[in-house]
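Biologist: Could you take me through this structure? I would like to go over the aromatic rings and a few individual residues.

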Amino acid sequence: AHADSRLIEDYALIGDMQSAALVSRDGSVDWLCLPRFDSDACFAALLGDDSNGQWRISPTAVHAPPSRRGTVDRRYAGETLILTTRWQTAGGSVVVTDFMPPRNDECPVLVRIVEGVEGAVEMECVLRLRFGYGNVMPWMRRRDHSVTAVAGPDSVWLRTPVRLTGRGMAHEASFTVRAGDRVPFVLTWQPSHLGAPPVLEADDALAATAAYWADWVARCTYKGPYRDAVVRSLITLKALTYAPTGGI
């Protein structure tokens, strides 16, 4: 377990107004209920440890002593719920962008894009899907550029050009990003009887998500000295509001 990330204030919130994920400072999604806020969690390391489900994307030295880990700068991209995490390591710098595209009738999607900024950074991806708050280990299989997890009525598909390999009850990958590289990871929930969900292009989803928040924030008429704090509070409340009913 990453003990230094267990404080709730060290987590960042992303969501699509029908569910939400919590992302730790070391790049791990430690909480996510799919397909809705009131569904069982498929990543629940927040309440237990990594074996309860997590999805970490970070430089490979993240669990090394702090002097080797590199520095981390996290912020939301402008007035949006798009989280950017910049890692500065000895070998270079990389940005991980995390978001959930707002949806209507579509399946829930969590997108993570790894972008090389300078130098070369060795990254690792560790995926432990555990349905039912960590109690149910899914049946996993790999197809082309995707990994599929199925457990009863639930299925989760992870599409990425990075090849993940099963190891120690998890799927893992190591890959190197250099300046200009963009490596997408697109995780989609789908009822297991429906088969494969539609393919989603990560950069298209990023543009659509940024446009959604820009349009929504534009309705705020407050122009006072605390606009940044007001807008961030409004975005957070919006993220915690279940879109189909308006319930918080």
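Modeller: What follows is a short exchange about aromatic pairs and selected residues in this predicted model.

Biologist: How many aromatic pairs does the structure hold?

Modeller: The structure holds six aromatic pairs. One of them joins tryptophan 31 and tyrosine 133 in a tilted arrangement, with 6.1 Å centre to centre and 35° between the planes.

Biologist: Which parts does that pair tie together?

Modeller: Tryptophan 31 belongs to strand E3 (residues 28-33) and tyrosine 133 to helix H2 (residues 131-134), so the pair ties together parts 102 residues apart in sequence. Tyrosine 133 is partly exposed, at a relative accessible area of 36%.

Biologist: And why is the pair of tyrosine 212 and tryptophan 213 edge-to-face?

Modeller: Their planes stand at 90°, and over 60 counts as edge-to-face. The ring centres are 5.2 Å apart. Tyrosine 212 is partly exposed at 28% relative accessibility, whereas tryptophan 213 is buried at 1%.

Biologist: Which residues do ring pairs link into a cluster?

Modeller: Trp55, Phe175 and Phe185 are linked in this way.

Biologist: Changing topic: is serine 146 buried or exposed?

Modeller: Serine 146 is buried, because its relative accessibility is 8% and the cut-off is under 20%. This residue lies in strand E11 (residues 146-151). Leaving aside residues up to four places away in sequence, serine 146 touches Arg141, Trp157, Leu158 and Arg159.

Biologist: Where is glycine 48?

Modeller: Glycine 48 is in the loop between strand E4 (41-43) and strand E5 (54-59), and is partly exposed with a relative accessible area of 35%.

How values were computed. Residues are numbered from 1 along each chain as its sequence is written. This is a predicted model: local features need pLDDT of at least 70, side-chain atom pairs count only at pLDDT 80 or more; totals for chains, interfaces and linings use all residues. Side-chain values use heavy atoms; hydrogens and water are left out. Helices (H or I, at least four residues) and strands (E, at least two) are DSSP runs, numbered from the N terminus. Buried means under 20% relative accessible area, exposed over 50%, partly exposed in between (1.4 Å probe, protein chains only). Contact means heavy atoms within 4.5 Å. Rings of Phe, Tyr and Trp (its six-membered ring) pair if their centres lie within 6.5 Å; planes under 30 degrees apart count as stacked, over 60 as edge-to-face and the rest as tilted.
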